[in-house]
Amino acid sequence: MGATAARQLVVLGQGRSQRPALSAGAHHPRLGSGRPLPYSADRGKKSVSRHALDELKQQIPLLDYLQAHDWRPARQLTRGRLMGLCPLHEDHQPSFLLDPHRNLFYCYGCGRGGDVIRFAELYHQVSFPQALRLLHQWRGLEPLLPEVAGFYRMQLHRHSQAVAYLDRRGVSSPELIEHMRIGYAPGGCLQGWMADLGYPIEALRQAGLVTDAGYDTYRHRVVFPLEGNLYGRSLSATAPPHRFLPGAKGGLYSWDQARLYPEVVLVEGLFDYAALWQAGFHNLTCSLGANLNARQFRQLCDGRRTVYLAFDADANGSGQKAAQSLACRLAEQGIDVRTVALPDGHDPNSFFVQGGDARQFQSLLEAAQ
């Protein structure tokens, strides 16, 4: 299980149902006409000006947004256009046409197309205003989050209560803390630091890092940077344990590394991930909850691999029920999937915190059904 054998990514599939042939010099009228295309906002959304929409789309190139959501072109056509698998439906042969110069897409398989706003609507399955909010947030967080995460990382070893909390959760390896870029949000000091870097408080409010009342959103929390988000785990038993920034939780945690392995262990929580990584299991990813979003499910299905579901063995059975449901869905997509049976009442983190070791967990993987 721990071997680091890399796999070759499968980009092109075999035999799709009939669709119009696309030659290197062809173009779809949705992409190639000289007339301006109607905006998604034109469907009765008159409160948003065309100028504001144009400005947003200039700031977010469609190719950048697609690549941030794991889309990769399979081949290049004339005039810089690209073809790849469609991220909007189950696709086995490249049918998704992208024109980076016009910032437009069209899929010959599902017949949908448009601009980056329309793509966000379809991909995240949200309304037009929600798509605008997601895009604004994504644009603003791109430069902002690394600075915030860096500030929280500096705070970790300045606060003994944060280090003690991690130690109780079995997180002690400096290599692990560096790998996960773990930090600590004491609260009350983020705004001053970010202001010195030139970030106005309004930018922090829009990102969800500061409340409307002007307080730091993350207070007394161990912080884990995610893709386009932050996860904060409260040190206090009286505060809500989990906190994310508004918006999507993103794809599978550390997927760019996990996807290289022919066998992948999927866990629910980041502390589960930490315990296993520290024990030497690096073919590992995390879904940040028992329910995967559409993007996370697509990531697991993007190639040939064996997936081990090491979900929590909750007293009410919710973790194992979620694992069984996910196992059925993955099996329908041809994925070799195994369900790991942890001792009753345990998750991977508590398994190691309470004395389990790598050899014992390896035995659980080998016994997985």
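## Surroundings of Ser234

Beyond its neighbours within four places in sequence, Ser234 is in contact (heavy atoms within 4.5 Å) with Tyr165, His220, Arg221, Ala239, Pro240 and Pro241. Ser234 lies in strand β8, residues 229-234; helices (H or I, at least four residues) and strands (E, at least two) are DSSP runs, numbered from the N terminus. With a relative accessible area of 7%, Ser234 is buried, a term that stands for under 20% relative accessible area, with exposed for over 50% and partly exposed in between (1.4 Å probe, protein chains only).

The model is predicted: local features need pLDDT of at least 70 and side-chain atom pairs count only at pLDDT 80 or more, whereas totals for chains, interfaces and linings use all residues. Residues are numbered from 1 along each chain as its sequence is written, and side-chain values use heavy atoms, with hydrogens and water left out.

## Leu226 in strand β7

Strand β7, residues 221-226, contains Leu226. This residue is buried, at a relative accessible area of 11%. Apart from residues up to four places away in sequence, Leu226 touches Tyr231, Phe244, Tyr253, Leu270 and Leu288. Between the C-alpha atoms of Leu226 and Gly250 the distance in space is 7.6 Å, while the two are 24 residues apart in sequence.

## The parallel sheet

Four strands form an open sheet in the order β11-β10-β12-β13, with parallel pairing; two strands pair if DSSP finds at least two bridges between them. The edges are β11 (284-286) and β13 (336-339), each of which has a single partner strand, so one side of each is left without a neighbour in the sheet. From one strand to the next the twist averages 25°. Here axes are lines fitted to C-alpha atoms, for helices over the stretch in contact, and angles run from 0 to 180 degrees between N-to-C directions.

Four bridges connect β10 (residues 263-267) with β12 (residues 306-309) in the parallel sense, and Glu263 has Thr306 of β12 as its bridge partner. β12 and β13 also run parallel and are joined by four bridges; Leu309 stands opposite Thr339 in β13. The chain passes from β12 through α13 to β13 in a right-handed β-α-β crossover. Right-handed denotes that, with the strands pointing away from the viewer, the path from the first strand over the helix to the second runs clockwise.

## Helices across the parallel sheet

Helix α13 (residues 318-332) lies across β10, β12 and β13, at about 165° to β13. In β13, Val337 and Thr339 make up the covered face, and Asp336 and Arg338 the uncovered one.

Helix α11 (residues 270-278) lies across β10 and β11, at about 170° to β11. Eight of its nine residues are buried, so α11 is largely enclosed by the rest of the structure. These are Leu270, Phe271, Asp272, Tyr273, Ala274, Ala275, Leu276 and Trp277. Just after α11, Gly280 adopts a positive phi of about 105°.

## The antiparallel sheet

A five-stranded open sheet has the order β1-β2-β3-β4-β5, with antiparallel pairing. Its edge strands are β1 (75-76) and β5 (113-114), each with a single partner strand, so one side of each is left without a neighbour in the sheet. Two bridges pair β4 with β5 in the antiparallel sense, and Tyr106 has Gly113 of β5 as its bridge partner.

## Helix α4 and its packing

Seven of the nine residues of helix α4 (residues 116-124) are buried, so the helix is largely enclosed by the rest of the structure. The buried residues are Val116, Ile117, Phe119, Ala120, Glu121, Leu122 and Tyr123. They pack against α2 (50-59), α3 (62-68), β3 (96-99), β4 (104-107), α5 (128-156) and α12 (294-300). At the start of α4, a side-chain oxygen of Asp115 comes to within 3.0 Å of the backbone nitrogen of Ile117. After α4 comes Gln125, with a positive phi near 55°.

The axes of α4 and α5 are 9 Å apart, and the helices pack at an angle of about 105°. That makes α4 roughly perpendicular to α5, on a scale where angles under 35 degrees count as roughly parallel, over 145 as roughly antiparallel, 65 to 115 as roughly perpendicular and the rest as oblique. Val116, Ile117, Ala120, Glu121 and His124 of α4 form this contact with Phe128, Ala131, Leu132, Leu134 and Leu135 of α5.

Methods
Polar contact = N/O pair within 3.5 Å; in protein donor to acceptor, adjacent residues only side chain to side chain.
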